[in-house]
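Subject: Structure handover

Hello,

Here is the structure I promised to pass on. Please open it alongside this note, and then read on for what turned up.

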Amino acid sequence: MRVRGATIALLSGMDRRAFVISIPPVLAAVACRRVDRAQNGAPAMSTHPSAVGGGPATPVTDARRARLIDDLVLDGTLKTPRVIAAMRAVPRHAFLPDTLASEAYADRALPIGHGQTISQPTVVAMMTEALELAPEHRVLEIGTGSGYQAAILSLLCREVFTIEIVAPLAEEASERLERLGYRNVRVRAGDGYGGWPDRAPFDRVVMTAAPPQIPQKLLDQLADPGVLVGPVGDPGWIQALVRVRKLAGKYREERLTSVRFVPMVPGP
Ligand code: SAH
């Protein structure tokens with residue numbers, strides 16, 4: 001299939017500092033099952049159309065999205081102007097099946113087929129903030145899913161590489177992102193545990209599925225300096241959302257909050 005995006009991820013343990021985010025685990029439950037709070041944004045906004053395909057933009061969808069993002073700003077999840085602008089611009093309803101489009105702007109995860117989910121907006125906001133993206137960054141995402149997170153990333157950095165293990169989801173996301181005009185995203189069907197060595201190093205790596213521990217290959221493919229964000233922990237239970245900073249060959253890990261994600265499954 002056509003390659004349009006890639007992904008990432010990794011981490012390793014070093015110092016842990018818990019900065020808590022008080023989100024009840026139950027809340028975190030849905031959307032690919034991760035949880036919540038974020039911080040940051042600033043528009044590098046390129047020329048991507050904000051709403052096409054997968055259901056037309058209407059005054060109603062625009063108003064609902066505006067209210068959702070306003071709420072995320074008010075509760076402190078979104079802080080960075082560029083991130084706020086990106087989340088305002090990407091039409092989440094266009095990443096959902098038509099039958100669920102009317103629920104797109106509720107703050108919860110929703111099914112996208114193949115047993116997977118699109119992440120909860122609060123979690124997407126929190127992770128995007130935690131990545132501290134700059135316009136020149138190249139980003140690896142592990143777990144393309146619907147392509148929604150990749151679309152937001154694409155507005156905030158130079159290039160997004162995203163990997164999805166369920167081939168039909170990768171194909172659908174690739175077509176959707178192309179149709180919507182997100183031209184700087186490359187999608188690949190495959191196992192994210194191996195990263196995307198041909199395109200490494202990545203300034204940022206984000207895992208949107210939870211491995212039991214940060215895959216060493218993802219850490220190896222992280223640029224120096226670089227940042228990796230993602231859930232880590234046992235499947236079926238609460239995981240830690242961690243941020244790993246790589247600097248001068250050393251890794252420093254922070255625990256951001258508790259989350260619940262779908263597992264990063266090993267490839268065949
Ligand atoms: N970021 C997505 C949501 C991802 S849900 C969005 O914005 O919609 C987690 C995704 O990770 C699922 O689609 C799942 O199939 C995928 N996944 C699980 N294990 C994986 C692996 N080893 N490599 C790549 N993708 C994986």
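Is Arg 65 buried or exposed? It is buried, because its relative accessible area is 6%, and the cut-off for buried is under 20%.

Before going further, a word on confidence. This is a predicted model. The mean pLDDT of the protein chain is 83. Of its residues, 79% reach 70 or more. Take care with residues 1-53, where the pLDDT is below 50. In the model, that stretch still has 244 contacts beyond near neighbours in sequence.

Helix α2

Arg 65 sits in helix α2, which covers residues 59-74. The helix has 16 residues. From its first C-alpha to its last it reaches 22 Å, close to the 22 Å expected at 1.5 Å a residue.

Which residues of α2 are buried? They are Thr 61, Arg 65, Leu 68, Ile 69 and Leu 72. Seen down the axis of α2, these buried residues fall within an arc of 95°, so they line one face of the helix. They pack against α3 (81-89) and α4. On the other side of α2, Pro 59, Arg 67 and Leu 74 are exposed. Just after α2 comes Gly 76, with a positive phi of about 90°.

Salt bridges

How many salt bridges does the structure hold? The count is ten. Side chains of opposite charge can pair when their charged atoms come close. Three of these pairs are worth a look.

Start with Asp 62 and Arg 65. They form a salt bridge, and their closest N and O atoms are 3.5 Å apart. Why are they about one helical turn apart? Because they are three residues apart in helix α2. An α-helix has 3.6 residues a turn, so residues three or four places apart point the same way. Asp 62 is partly exposed, at a relative accessible area of 37%, whereas Arg 65 is buried at 6%.

Next, go to Arg 243. Its side chain meets that of Glu 132 in a salt bridge, 3.4 Å from N to O. Arg 243 lies in strand β8 (residues 239-247), and Glu 132 lies in the loop between α4 (121-130) and β3 (138-142), so the pair ties together parts that are 111 residues apart in sequence. Arg 243 is buried, with a relative accessible area of 5%. Glu 132 is partly exposed, at 33%.

Arg 243 also forms a salt bridge with Glu 254, where the closest N and O atoms are 2.7 Å apart. Glu 254 is in strand β9 (residues 250-259) and Arg 243 in strand β8, so this pair links distant parts of the chain, eleven residues apart. Glu 254 is buried, with a relative accessible area of 1%. Salt bridges that share partners join Glu 132, Arg 243, Arg 245 and Glu 254 into one network.

Met 207

One last stop. Where is Met 207? Its place is in strand β6, which covers residues 202-207. Met 207 is buried, with a relative accessible area of 0%. Met 127 is 80 residues from Met 207 along the chain, yet their C-alpha atoms are separated by 9.4 Å.

Over to you.

Best wishes

How values were computed:
Residues are numbered from 1 along each chain as its sequence is written. Side-chain values use heavy atoms; hydrogens and water are left out. pLDDT is the predictor's confidence in each residue, from 0 to 100. Contact means heavy atoms within 4.5 Å. Helices (H or I, at least four residues) and strands (E, at least two) are DSSP runs, numbered from the N terminus. Buried means under 20% relative accessible area, exposed over 50%, partly exposed in between (1.4 Å probe, protein chains only). A salt bridge is a side-chain nitrogen of Lys or Arg within 4 Å of a carboxyl oxygen of Asp or Glu. The expected span of a helix is 1.5 Å times one less than its number of residues. The arc is that of the directions from the helix axis to the C-beta atoms.
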